[in-house]
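This report walks through one protein model. Take a look at the sequence and the fold before reading on.

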Amino acid sequence: RDDTAQALIRASVETSIAAAARAGGGAAVCVTGSDPARSKASQLDAMIANLRAMAPLAEDAGLTLLIEPVAPDWIPGLLVDSLPTGVAIVEAVASPAVRLLADTGHLSMMGEDVADTLTAHWDVIGGIQIADVPGRVEPGAGTLDWRAIFGAIADRGYAGLVEVELLTAQDSAA
């Protein structure tokens with residue numbers, strides 16, 4: 001929360017705004033490491049305070065800051081490592097410029113039913129990433145129920161970006 005950190009955070013958001021404008025995008029994913037020397041609660045408080053401070057800047061530029069809960073078994077050491085934590089951050093910031101990124105692979109790896117999660121938390125979701133599990137593979141190469149997942153998305157009339165972030169099950173051009 002010191003002046004140097006605030007300047008770095010602001011510069012990061014400004015860079016994201018410029019990059020989104022060049023690419024015709026409207027969102028930036030916020031993934032935060034965890035500092036083992038500080039309590040998780042104090043780090044979450046700082047993240048919320050920083051997002052509250054940056055939300056007006058993002059909103060004025062038409063940028064959505066997406067909070068991505070990441071499965072700790074896939075990438076250990078990140079601050080937002082559960083769905084409840086991600087939802088709590090978005091709700092605490094209480095800005096339309098800060099939303100949840102629903103990553104199907106991470107949600108499943110955290111033990112969530114993806115279709116049910118989309119339905120239950122639709123009011124805080126601002127973006128969707130897709131990957132099947134195990135292994136973050138392409139839809140249909142794993143175990144997720146894509147008919148239910150895409151049904152949950154379609155039922156809400158979602159017309160936003162569905163981002164594909166995965167590793168292919170087979171190493172081939174096809």
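## Starting point

Helices and strands here are DSSP runs, numbered from the N terminus; a helix (H or I) has at least four residues and a strand (E) at least two. Alanine 94, for example, sits in the loop between helix 3 and strand 3.

The model is predicted.

Strand 3 covers residues 98-103. How many of its residues are buried? The count is 6 of 6, so strand 3 is mostly covered, with buried meaning under 20% relative accessible area.

On one side, strand 3 pairs with strand 2 (residues 64-67). The two run parallel and are joined by 3 bridges. Leucine 65 has valine 98 of strand 3 as its bridge partner. Between these strands the chain passes through helix 3 (residues 83-93). This β-α-β crossover is right-handed. Strand 3 also pairs with strand 4 (residues 125-130), again in the parallel sense, over 4 bridges. Here aspartate 103 stands opposite glutamine 129 of strand 4.

## Strand 4 and strand 5

Strand 4 is mostly covered as well: 5 of its 6 residues are buried. It runs parallel to strand 5 (residues 162-164), and 3 bridges join the two. Isoleucine 130 stands opposite valine 164 in strand 5. The chain gets from strand 4 to strand 5 through helix 6 (residues 146-155). This β-α-β crossover, too, is right-handed.

Glutamine 129 stands opposite glutamate 163 in strand 5. Glutamine 129 is also the residue that aspartate 103 stands opposite. In a regular strand, side chains alternate between the two faces of the sheet.

How do helix 2 (residues 40-61) and helix 3 meet, and at what angle do they cross? Their axes come within 9 Å and cross at roughly 45°. The two helices are therefore oblique to each other. The crossing is right-handed. Helix 2 contributes Lys40, Leu44, Met47, Ile48, Leu51 and Arg52 to the contact. Helix 3 contributes Thr85, Ile89, Ala92 and Val93.

## Methionine 47

Methionine 47 is in helix 2. Is it buried or exposed? Its relative accessibility is 8%, so methionine 47 counts as buried.

Which residues does methionine 47 touch, leaving out those up to four places away in sequence? They are Thr32, Ile67, Leu79, Val80 and Ile89. Take leucine 79: it is 32 residues from methionine 47 in sequence. In space, the two are 9.4 Å apart, C-alpha to C-alpha.

## Backbone details in two loops

The loop between strand 4 and helix 6 holds proline 134. The peptide bond from valine 133 to proline 134 is cis, with omega near 5°. Arginine 136 is also placed in the loop between strand 4 and helix 6. Its phi is near 55°, a positive value in a residue other than glycine.

Alanine 94, in the loop between helix 3 and strand 3, likewise has a phi near 55°. Which of these counts as buried, and which as exposed? Arginine 136 has a relative accessible area of 4%, so it is buried. Alanine 94 has 63%, so it is exposed.

Terms used:
Residues are numbered from 1 along each chain as its sequence is written. This is a predicted model: local features need pLDDT of at least 70, side-chain atom pairs count only at pLDDT 80 or more; totals for chains, interfaces and linings use all residues. Side-chain values use heavy atoms; hydrogens and water are left out. Buried means under 20% relative accessible area, exposed over 50%, partly exposed in between (1.4 Å probe, protein chains only). Two strands pair if DSSP finds at least two bridges between them. A crossover is right-handed if, with the strands pointing away from the viewer, the path from the first strand over the helix to the second runs clockwise. Axes are lines fitted to C-alpha atoms, for helices over the stretch in contact, and angles run from 0 to 180 degrees between N-to-C directions. Angles under 35 degrees count as roughly parallel, over 145 as roughly antiparallel, 65 to 115 as roughly perpendicular and the rest as oblique. A crossing is left-handed if the near helix is turned anticlockwise from the far one by less than a right angle, and right-handed if clockwise. Contact means heavy atoms within 4.5 Å.
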